[in-house]
Structure formats: structure tokens, C-alpha cells
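Please look over the chain shown below. The report then takes up its elements, their packing and a few single residues.

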Amino acid sequence: MLRALRRALRPARLRIPARRFTAGIAAPTPTAREAFGTDATAAEAIAYNRSRVATATAVALYRSGHVLPMPDDHLDDAVRALDDFPYSAPSPETRAAIRAALAVLEADYTVTVAH
């Protein structure tokens, strides 16, 4: 009984498959090195790579039916679930970029998910 009560009182967690999102993710875009070569500064490369991870995460979340607001730990789990984006580490900047991209997808009535 006590165990069932504890389970009921725990906050719900976002369940994201460890391998892939159920609706799939966007194909990985070129990394900063592939896109810019050696012409990009370190700050540009970081911003580019953060944006590519955030955009792919937002698209996957949107396709899977997730909407804002989302807690930080759910966004962190979503970033870690991207198999095709190695070295993706959640950060405050990445979470902000995911929220921004997801807000744009939600606000644009021309963007729909076709199943």
C-alpha cells in the first residue's frame, strides 16, 4: 500500500525511447567543421552545433506530440535520446534554443505532423 502511494505521489517523467523517438528525428545536419571548414570561430562553431542539436530535438519532440512548457530534465532526456548526434550535452543555452524552436513549430499553423 505504501509503495503504491509513493508511486502515485512521484512526479510524472517524460518517457523517451532510449534508441529513437517514436516519430523519428530529422537527418543529422553537417557539423560546424563540415559546414564551415576551418573558417568558423570557436564561438560560431559552438552556436551552430548547439542550434543543430536544438532544432533536431525540437522537431522530434513536436513530431512526438510534446508541447511547451517542458521541465529542464525532460529536455535533457530528449537531447540524450538523439543517437545520431554524438557528443550532445544538454546545457541552459541548448534548452533555451529547444524551447524557442518548439515554440515556433507550435505557433506556425502551416506546420503539421503527418502520420
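What follows describes a predicted model, starting with the overall make-up and ending with single sites.

## Overall make-up

The model is a predicted one. Its chain has five helices and zero strands, and from the N terminus on the elements run α-α-α-α-α. The chain has 115 residues, of which 28% are buried.

Contacts were also sorted by distance along the sequence. Among contacts with a separation of 6 or more, 74% are between residues 24 or more positions apart.

## Packing of α3 and α5

Two packed helices are described by the angle between their axes and the distance between the axes. For α3 and α5 the angle is about 45° and the axes are 8 Å apart. The contact involves R50, V53, A54, T57, A58, V59, L61 and Y62 on the α3 side. On the α5 side it involves E93, T94, A97, I98, A101, L102, L105 and E106.

The crossing of α3 past α5 is right-handed.

## Packing of α4

Helix α4 covers residues 72–80, and its buried residues are H74, L75, D76, A78 and V79. These buried residues pack against two helices, α3 (42–63) and α5 (92–107).

The axes of α3 and α4 are 10 Å apart, at an angle of about 105°. That angle lies between 65 and 115 degrees, which means that α3 is roughly perpendicular to α4. V53, T57 and L61 of α3 meet L75, A78 and V79 of α4 in this contact. V53, T57 and L61 are also listed in the contact of α3 with α5.

In soluble globular proteins, nonpolar side chains tend to be buried together. In this model the largest nonpolar core has 16 residues, and A58, L61, I98 and L102 touch the most other members. Helices α3, α4 and α5 are the elements that give two or more residues to this core. The largest share, six residues, comes from α3.

Which residues does I98 contact, leaving aside its neighbours within four places in sequence? They are A54, T57, A58, L61, L75 and V79. Of these, A54, T57, A58 and L61 belong to the α3 side of the contact with α5, while L75 and V79 are among the buried residues of α4.

## The aromatic pair

There is one aromatic pair in the structure. It is formed by F36 and Y48, whose ring centres are 5.3 Å apart and whose planes make an angle of 75°. Planes over 60 degrees apart count as edge-to-face, so the pair is of that kind. F36 lies in helix α2 (residues 32–36) and Y48 in helix α3, 12 residues apart, and the pair links distant parts of the chain.

The limit for buried is under 20%.

## Single sites

R95 lies in helix α5. Because its relative accessible area is 13%, R95 counts as buried. Beyond its neighbours within four places in sequence, R95 is in contact with D72, L75, D76 and P90. L75 and D76 are among the buried residues of α4.

A81 is in the loop between α4 and α5, and is buried because its relative accessibility is 6%.

Most peptide bonds are trans. The bond joining L68 and P69 is cis, with omega about 0°. P69 is in the loop between α3 and α4.

V113 is found in the segment after α5. Its relative accessible area of 31% makes V113 partly exposed. Leaving aside neighbours within four places in sequence, V113 is in contact with Y62 and R63. Its C-alpha atom is separated by 8.8 Å from that of G65, a residue 48 residues apart from V113 along the chain.

Conventions:
Residues numbered from 1 in each chain as written. Predicted model: local features only at pLDDT ≥ 70, side-chain atom pairs only at ≥ 80, totals over all residues. Heavy atoms only, no water. Buried < 20%, exposed > 50% of the residue type's maximum accessible area, 1.4 Å probe, protein only. Helix = DSSP H or I, 4+ residues; strand = E, 2+ residues; numbered from the N terminus. Contact = heavy atoms within 4.5 Å. Phe/Tyr/Trp six-rings, centres within 6.5 Å; stacked < 30°, edge-to-face > 60°. Core = buried A, V, L, I, M, F, W, Y, C linked by side-chain atoms within 4.5 Å. Axes fitted to C-alpha atoms, helices over the stretch in contact; angles between N-to-C directions. Left-handed = near helix turned anticlockwise from the far one by under 90°. Parallel < 35°, antiparallel > 145°, perpendicular 65-115°, else oblique.
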